[in-house]
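Notebook open, viewer running. I want to look up the aromatic rings and then the sheet.

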Amino acid sequence: MNKYLPLYRWLAGQPVNLTVIPMEFKQVEQILSCPLPPTARNRTAWWANNPQRHVQANAWLSAGFSTEDVNLAAQTVNFVRN
C-alpha cells in the first residue's frame, strides 16, 4: 500500500460527517503526487473493492471507504464511508 498511503491518509483524515466523497481521477493523482496507472482510466475493475486482487483497494478500505459509481468517461469515482 506504500504508493497509495497518501490516499489512505487523506481519506482517513476526512470528517466523519462526510459519507460520500466524489472525486475526479486528477484529484486522486494530486493526493498521490503521481499519475494513476492507465488501467485506472480504462477498466472499472481497477477501482474494485477487492484487497486480495487490488493493492490500491487497501488504501480506501483501510480508511473505512469503498468505491462506487466509477465513471471512466467522466473520470470520476465516489468514495463512500462504510
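Predicted model: local features only at pLDDT ≥ 70, side-chain atom pairs only at ≥ 80, totals over all residues.

I searched the whole structure and got 6 aromatic pairs; rings of Phe, Tyr and Trp (its six-membered ring) pair if their centres lie within 6.5 Å. Stacked pairs have planes under 30 degrees apart, edge-to-face ones over 60, and the rest are tilted.

I picked Phe 25 and Trp 47, which are stacked at 4.8 Å centre to centre, with 25 degrees between the planes. Phe 25 sits in helix 2 and Trp 47 in the loop between helix 3 (38–42) and helix 4 (57–62), so this pair ties together parts 22 residues apart in sequence.

Residues are numbered from 1 along each chain as its sequence is written, and side-chain values use heavy atoms, leaving out hydrogens and water.

Are Phe 25 and Trp 47 buried or exposed? Phe 25 is buried at 0% relative accessible area, and Trp 47 is buried at 1% (buried is under 20%, exposed over 50%, partly exposed in between, with a 1.4 Å probe and protein chains only).

I also found one aromatic cluster, made of Tyr 4, Phe 25, Trp 46, Trp 47, Trp 60 and Phe 79.

Next, the sheet: 3 strands make an open, antiparallel sheet in the order 1-3-2. Helices (H or I, at least four residues) and strands (E, at least two) are DSSP runs numbered from the N terminus, and two strands pair if DSSP finds at least two bridges between them. Strand 1 and strand 3 (residues 76–81) pair over 5 bridges.
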